[in-house]
Amino acid sequence: MGMVLLARHGQASLGADDYDVLSETGLEQSRVLGRFLAGAGVTPRAVVHGAMKRQRDTATVMAEAAGWSVVPALDEGWNEFDHLAVVARAVEGADPGQGGDRRAFQQVFEDATARWTSGEHDDEYDETWSGFGARVRDALDRACASEGLTVVATSGGPIAAACAMLVDDEATASELGRLWAAFNTVIANSSVTRVLEGSTGRRLLTFNEHGHLPRELVTYR
């Protein structure tokens, strides 16, 4: 039996010149998460992260705060999808950062990802929705294949995709897209989602745990 903890990265820097950097809030969220996991007795055999700086830095800060000796390792299967490209192809001339306006960005993001997950415009995307799902499935297979407990620092998109597959593995690609959207909208920064690999198969044990965060540190973008 093994377990995988999917940790969403801390808050990135929406509206900044480089989005892919943890904000000060994101750094603190990562430290709080590490201390919480250590206090809960979590001792991972492995810590992995995607290639984004916000994912790598969340893994590093979390592991340091937890006092784990394990060195975080790269698995690019946990990369976030290219949301900038998805938004640009859906709304001509759109500002993917929306000048830091998180509410405006959310509406553009939801419209753009609905178009992407529909599968009706696959020829326009370097990575299709189905291709993204297959990549996440392979990454989850690798994480679950490890003995003991693995902590993954990734993003909301891959976590939501993994949850959608676990909830309904026989769903069509478009059905998975709708499930994905429902999960992805509510995943908090530095939240934890637990996946159990046991004798009866793979199960979604918990989703979006973020009770370790004080109210002022709860963010979604």
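**Helices H1 and H2.** I looked up how helix H1 (residues 24-39) packs on H2, and found an angle of about 45° with the axes 7 Å apart. I took helices (H or I, at least four residues) and strands (E, at least two) as DSSP runs, numbered from the N terminus. Axes are lines fitted to C-alpha atoms, for helices over the stretch in contact, and angles run from 0 to 180 degrees between N-to-C directions. H1 and H2 are therefore oblique to each other; under 35 degrees counts as roughly parallel, over 145 as roughly antiparallel, 65 to 115 as roughly perpendicular and the rest as oblique.

I listed the contact (heavy atoms within 4.5 Å). H1 brings Leu27, Ser30, Arg31, Leu33, Gly34, Arg35, Leu37 and Ala38, and H2 brings Thr58, Val61, Met62, Ala65 and Ala66. I sorted these residues by class and got 8 nonpolar, 3 polar and 2 charged. Here Ala, Val, Leu, Ile, Met, Phe, Trp, Tyr, Cys and Pro count as nonpolar, Asp, Glu, Lys and Arg as charged, and the others, Gly among them, as polar.

**Basis.** I note that this is a predicted model, in which local features need pLDDT of at least 70, side-chain atom pairs count only at pLDDT 80 or more, and totals for chains, interfaces and linings use all residues. Residues are numbered from 1 along each chain as its sequence is written, and side-chain values use heavy atoms, with hydrogens and water left out.

**Lys53.** I placed Lys53 in helix H2 (residues 53-66). Its relative accessibility is 31%, so Lys53 counts as partly exposed (buried is under 20% relative accessible area, exposed over 50%, partly exposed in between, with a 1.4 Å probe and protein chains only). Leaving out residues up to four places away in sequence, I found Lys53 touching Asp18, Asp20 and Val21. I also checked Asp126, 73 residues from Lys53 along the chain: the C-alpha atoms are separated by 21 Å.

**Helices H5 and H7.** I found the axes of H5 (residues 129-145) and H7 (residues 173-184) coming within 10 Å and crossing at roughly 70°. That makes H5 roughly perpendicular to H7. Trp129, Ser130 and Phe132 of H5 meet Ala173, Leu176, Gly177 and Trp180 of H7. The contact divides into 5 nonpolar, 2 polar and no charged residues.

**Sheet.** I traced an open sheet of 6 strands, ordered E3-E2-E4-E1-E5-E6, with mixed pairing; two strands pair if DSSP finds at least two bridges between them. The edge strands, each pairing on one side only, are E3 (73-74) and E6 (201-209). Strands E1 (residues 2-8) and E5 (residues 192-198) run antiparallel and are joined by 6 bridges. I found Gly2 opposite Glu197 in E5.
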